[in-house]
Amino acid sequence: MARVLTVGAAQLGPIEKSENRASVVTRMLDLMNAAKRKSCDLVVFPELALTTFFPRWYMTDQTEIDQWFEAEMPNHDTEPLFDMARQSNMAFHLGYAELCTKSDQTHHYNSAILVDKDGEIAAKYRKIHLPGHDEFDPDRDFQHLEKRYFETGDLGFPVFKALNSTLGMCICNDRRWPETFRMLGLQGVELVMLGYNTPVHYPRAPEHDHLQDFHNHLSVQAGAYQNGTWVAATAKAGCEENCDMIGGSCIVSPTGEIVAQCETLDDELITWNCDLDLCQTIQKNIFNFELHREPENYGLIARSTKGN
Ligand code: ING
């Protein structure tokens, strides 16, 4: 009996700085309703889905910065999403800015959770590859201060059993690093869920701007194929506070083929019936790690960033 997971990628269009979480959650509930009508088991929302992409602005006051974070999850604003999961018997992935306290220390992470069909948090991931910079950069039309506002994730790249599947998560820039998908692939992942906020304009290399959509799909298609896993990649898209961000949300099969793709830069749902057993056709053949991987020759990869 094939194990089929009906997956929805719920792309969000722009979220203005002034739009409150309740308004965004209403948009998300509309997408979850659409997903329910398509019998989805799971809905994947973008990175930092509850607010505008706030690392776009330079802030110095920690109280102001912390307003963009969730100190609890669920909370008053997000509880309706958890209720919807329970009522619809449908899981969802949510990217958000996590404020947490560990032994009296406050921490800030760019996080993602999986909420299962029972409305309980089944897994969490904290973004490891933080792009951008940590000080104000006057040469940029807009900032990208993820290194300023977030700490490097401390949970590694876990996979977890849920929805009768082996699932994993990563976030945005993580998808560009093959190590991300390989870490999940080595643990037998069958579906990687990820969200992204990707500006079209990359100030340090504007000559690549026209390649952003290509690099997005190149990254997730390679990750899927080279590890024999499904990938659901969901954008926060469109012109948000004068910053154009790519869309291109997609569902990619373990063969690396894009099976569904958003066509707009707005709130848009795509779905696919993902046959999880398709993963085996890759994981047992061309990328049979047991038979073909040569880790004794890969020492440099896990060593220092300089590769020396
Ligand atoms: N955003 C971007 C991403 O990795 C970026 C940063 C943009 C990198 C354009 C390279 C080119 O998709 C986040 N949030 O990581």
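What does the accessible surface of the protein come to, and what percentage of it belongs to carbon and sulfur atoms? In this predicted model, the accessible surface comes to about 13600 Å², and carbon and sulfur atoms account for 51% of that area.

**View 1. Overall fold and dimensions of the protein.** The protein has 8 helices and 14 strands. Its radius of gyration is 19 Å, close to the 19 Å that the globule rule gives for 308 residues, so the protein is as compact as a globular protein of that length. Taken along the principal axes, the box filled by the C-alpha atoms is roughly 55 × 55 × 45 Å.

View 2. Of the 308 residues in the protein, 55% are buried. When contacts between residues at least 6 apart in sequence are considered, 70% of them join residues at least 24 apart.

**View 3. Helix α5 and its buried residues.** Helix α5 spans residues 178-185, and within this helix Thr180, Phe181, Leu184 and Gly185 are buried. Seen down the axis of α5, the buried residues fall within an arc of 130°, so they line one face of the helix.

**View 4. Surroundings of the buried residues of α5.** The strands against which the buried residues of α5 pack are β6 (159-162), β7 (165-171), β8 (191-196) and β9 (230-235). These buried residues of α5 also pack against the helices α6 (212-227) and α8 (289-292).

Methods:
Residues are numbered from 1 along each chain as its sequence is written. This is a predicted model: local features need pLDDT of at least 70, side-chain atom pairs count only at pLDDT 80 or more; totals for chains, interfaces and linings use all residues. Side-chain values use heavy atoms; hydrogens and water are left out. Helices (H or I, at least four residues) and strands (E, at least two) are DSSP runs, numbered from the N terminus. The radius of gyration is taken over C-alpha atoms; the globule rule is 2.2 Å times the number of residues to the power 0.38. Buried means under 20% relative accessible area, exposed over 50%, partly exposed in between (1.4 Å probe, protein chains only). Contact means heavy atoms within 4.5 Å. Accessible areas come from the Shrake-Rupley method with a 1.4 Å probe; for residues, only the protein chains shown count as cover. The arc is that of the directions from the helix axis to the C-beta atoms.
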